[in-house]
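Here's a quick briefing to read alongside the model. Keep the sequence and the 3D view open as you go.

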Amino acid sequence: MDYSVLLLVLLALEILARVCLEVRERRATQLRGGLFAVLRLIPLINDIVPLPEGSSNCTGSAAPGAEFVEDHEKAHKALHHGILRNLLKVILLSLAVGLLLFLLVRCQMLWWQAVAWLHLAAVPVRFFFHWYCWNQEYEADHTAYDKVGKKVARDAMRSLAACEIPYTPLFALAYREHPTVTLRSQRLLNKEIKG
């Protein structure tokens, strides 16, 4: 069975969905997308184009709430988040290689078709991986909050909000391994802090 037409339709739908997401993001944030926005629309290219996470007005370790950030990073180490994240990456990459080999050998697809199918299969997997990473961030936030208290955590969230590019939650879930400060502060402090 030839799946070329289905593949092209799914790639076109992906491009359309990404265009809608970009337009929605530009309207919601009133920020320009630039060259990165165009590159994020192209299948396969959007797998490797980074999304900038912070702006240039970040102030380093002397910023308010630096103790919270330090305890947050210590929590990642104590909870073995780096190891767990890398283990999940290895598992997902192994599954990707398995799928690619299945498509090439068993289904006898051309290499470009197999790579395009792998790309399409990776879209929901990327959402899952980002959700997993977000939960690790929330867990590290709560651990740091327990150590430093509400005032220091609030100051840290304000400092992070000043540094962060204000993405919407859906856009951030599609492209980032860290939740937005607005989501983190809502979950941690029951209060939205915006940049």
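Arg 176 and Glu 164 form a salt bridge, with their closest N and O atoms 3.1 Å apart. (A salt bridge here is a side-chain nitrogen of Lys or Arg within 4 Å of a carboxyl oxygen of Asp or Glu.) This pair links distant parts of the chain, 12 residues apart: Arg 176 sits in the loop between α7 (169-175) and α8, and Glu 164 in the loop between α6 and α7. Helices such as these are DSSP runs of H or I with at least four residues, numbered from the N terminus.

Before going on, know that this is a predicted model: local features need pLDDT of at least 70 and side-chain atom pairs count only at pLDDT 80 or more, while totals for chains, interfaces and linings use all residues. Residues are numbered from 1 along each chain as its sequence is written, and side-chain values use heavy atoms, leaving out hydrogens and water.

- Arg 176 and Glu 164 are both buried, where buried means under 20% relative accessible area, exposed means over 50%, and partly exposed is in between (1.4 Å probe, protein chains only).
- Salt bridges that share partners also join Glu 22, Arg 26 and Arg 40 into one network.
- Glu 137 and Arg 85 meet through their side chains in another salt bridge, at 3.5 Å from N to O.
- Glu 137 is in helix α5 and Arg 85 is in helix α4, so this pair ties together parts that are 52 residues apart in sequence.
- Glu 137 is buried at 2% relative accessible area, and Arg 85 counts as buried too, at 12%.
- Glu 70 pairs up with Lys 74 in a salt bridge, their closest N and O atoms being 3.4 Å apart.
- Because Glu 70 and Lys 74 are four residues apart in helix α3 (residues 66-78), about one helical turn separates them.
- Glu 70 is partly exposed at 48% relative accessibility, and Lys 74 is partly exposed at 44%.
- The count of salt bridges comes to nine.

**The nonpolar cores**

- In soluble globular proteins, nonpolar side chains tend to be buried together.
- The largest nonpolar core has 11 residues, including Phe 68, Ala 144, Met 157, Val 181 and Ile 193. (A nonpolar core is a set of buried Ala, Val, Leu, Ile, Met, Phe, Trp, Tyr and Cys residues joined through side-chain atoms within 4.5 Å.)
- α5, α6 (150-163) and α8 (181-189) each supply at least two residues of this core, and α6 gives the most, with four.
- Apart from this core lies another one of nine residues, among them Tyr 138, Ile 165, Phe 171 and Ala 174.

**A closer look at α6**

- The buried residues of α6 are Ala 153, Asp 155, Ala 156, Met 157, Ser 159, Ala 161 and Cys 163.
- What covers them includes α3, α5 and α8.
- Leaving out residues up to four places away in sequence, Met 157 touches Phe 68, Asp 141, Val 181, Arg 184, Ser 185, Leu 188, Leu 189 and Ile 193, where contact means heavy atoms within 4.5 Å.
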